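Here is a brief report on the model shown below. Keep the view open while reading.

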Amino acid sequence: MIKKFIDNLIAGATGRKPRFGKRKEVGPQEHAIDPTLVDERALSVVHTLKEAGHEAYIVGGAVRDLLLGLRPKDFDVATNATPEQVKSLFRRAFIIGRRFRIVHVVFGRGREHEVIEVSTFRAYLDAASAEAVSGNERTSKSELAGMHHAVDASGRVLRDNVWGPQEEDAARRDFTINAMYYDPETRIVVDYHGGITDAKKRLLRMIGDPATRYREDPVRVIRAVRFAAKLAGLGFKFDPKTKSPLLHALPLLQEVPQSRLFDEMLKLLQTGHSLATIEQLKALGMARGIYPLLDLVVERAEQPFVRAALQDTDRRVNEGKPVAPSFLLACVLWSDVREGWQDRTARRLHPFPALQESIDEVFDARIGDISGRGKLGADMREIWMMQPRFEKRSGQTPFTLVEQPRFRAAFDFMRLRADIGEVDVMLADWWQEFSQASDLVREDLVAALRDEQRKQQQPRVRRVKPQASAEGEAPAPERRAAEGEAAEGEGATGDAPRKRRRRRRKPAGQGGGEHAPHAPSAGESAE
Ligand code: ATP
Ligand code: MG
């Protein structure tokens, strides 16, 4: 209270609020940023904006990473031009976002496609000044229309789309190392909050009063964990004042919309240091309580399969490869899906509907509110539904499977299962070969497998036969599904193996094998 009062007095006397920090410009000798790490397109966006008479800088995480000698994974630009002005300067630019209106400037196509996010400097609005926002003379009426700034009873900032000068834009950012601006043309870094010093000291420090900043936007709690984990390898530590209110602020996350929590959770898991993140969460006493699905990830990180998935995600991120959240989440929830599936097949349900039912159950129980995320959910489902189909390698099945858009993800998933001994490594190797081979070699692979199986199976069928008719354990659901068990008639009797043998003798791969019982795909199996 007293501090605020004094701040206001100073502000009144100087016409300037001290918390906005003192502008410091730092040249290349001091910051030593390697210009070759700067993305050409970010450079060109800054150039275009400056040419048009605006201020423009690379900002945020990219400056932090450049300063630390890391190659930024994406580049954001900040400017004093409004979104409409930015849009008018680029051919392919789109205004997006409700919470923050920003412009996406798009370059290239397809795989080379890249987006530079351009945001307009925003005013710093704390709980007090937000109430007075409608009188903010810096912001024109049209800019204010439909984007008022709001703060709820707990001090949480609900929306902020009010433009302001750079010093205010810097003050509303989260950590000092995330609040610097870099002009790639003059090679000057603009720093208001001692970001350069903190980067040198390896300190993760929140701008302003940390407890207040967590209250304004509780998602900063998750961001704190993310940056601490991402930068731990470089020797970064929390500033004690930034760290101490974290645990206390944790319950505030309950107020945050699920979809935003979900996005932050994904970012938290995709820093390239997911295992360090999980350790960080435990060390902070936050292993539970951020988001239910994250609680589960932390809990399951010790399971070999989930651990392998996290390591695989880290490796991909560190190699600069794209990562699909659907893959990681499919791995985390696989044990639930698998158990539900096994239960149902043990009750003699056909393997495919059994798998589908199990997936539905897991979505209801674990994904809940975010099930509206169509593509993510659909991708997870496909990865799971393709698993039993890998068991079937005769006829046309492998040829169709390999053409599925999600084949690669489903294959990687199966490869991980093989790594932990859940499926035969030979099966994973075969699919690897098959997927990389030419059509001709693919035919050979299928034929060779057919011959091999025939050789092995002829004597085995005879031996196995008496057991098959006896009451035994339910076979693994994958195998039952692959053999199209139910398609051959539900009540599997002693003569079922003979039927299968007959079918296998048909010349596969030339149309003859086409009608061999194939594993139904997601849409067709609910008979
Ligand atoms: P990364 O490299 O993981 O993308 P980043 O720092 O770029 O990290 P973003 O989420 O891309 O993180 O955000 C870009 C910048 O926007 C941040 O560096 C920070 O300055 C600001 N920012 C983002 N989210 C918040 C927030 N919740 N509160 C304050 N500032 C934020
Ligand atoms: Mg970023």
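## A buried aspartate, its sheet and the ligand

Asp183 is buried, with a relative accessible area of 6% (buried means under 20%, with a 1.4 Å probe and protein chains only). This is a predicted model: local features need pLDDT of at least 70, side-chain atom pairs count only at pLDDT 80 or more, and totals for chains, interfaces and linings use all residues. Residues are numbered from 1 along each chain as its sequence is written, chains are lettered from A and ligands numbered from 1 in the order in which they are written, and side-chain values use heavy atoms, leaving out hydrogens and water.

Asp183 sits in strand β9 (residues 180-183); strands are DSSP E runs of at least two residues, and helices are H or I runs of at least four. Asp183 touches Lys50, Tyr57 and Ile188, leaving aside residues up to four places away in sequence (contact: heavy atoms within 4.5 Å).

β9 belongs to an open, mixed sheet of 8 strands, ordered β1-β10-β9-β2-β3-β6-β5-β4. Its edge strands are β1 (24-26) and β4 (93-96). β4 pairs with β5 (residues 102-107) in the antiparallel sense over 4 bridges; pairing takes at least two DSSP bridges.

| Side chain | Distance to an oxygen atom of ligand 1 |
|---|---|
| Arg64 | 2.9 Å |
| Arg223 | 2.9 Å |
| Lys267 | 3.0 Å |

Taken alone, ligand 1 exposes 590 Å², and the protein buries 85% of that (Shrake-Rupley areas, 1.4 Å probe). The largest share of its shell, 5 residues, comes from α11.

Methods. Buried < 20%, exposed > 50% of the residue type's maximum accessible area, 1.4 Å probe, protein only. Polar contact = N/O pair within 3.5 Å; in protein donor to acceptor, adjacent residues only side chain to side chain.
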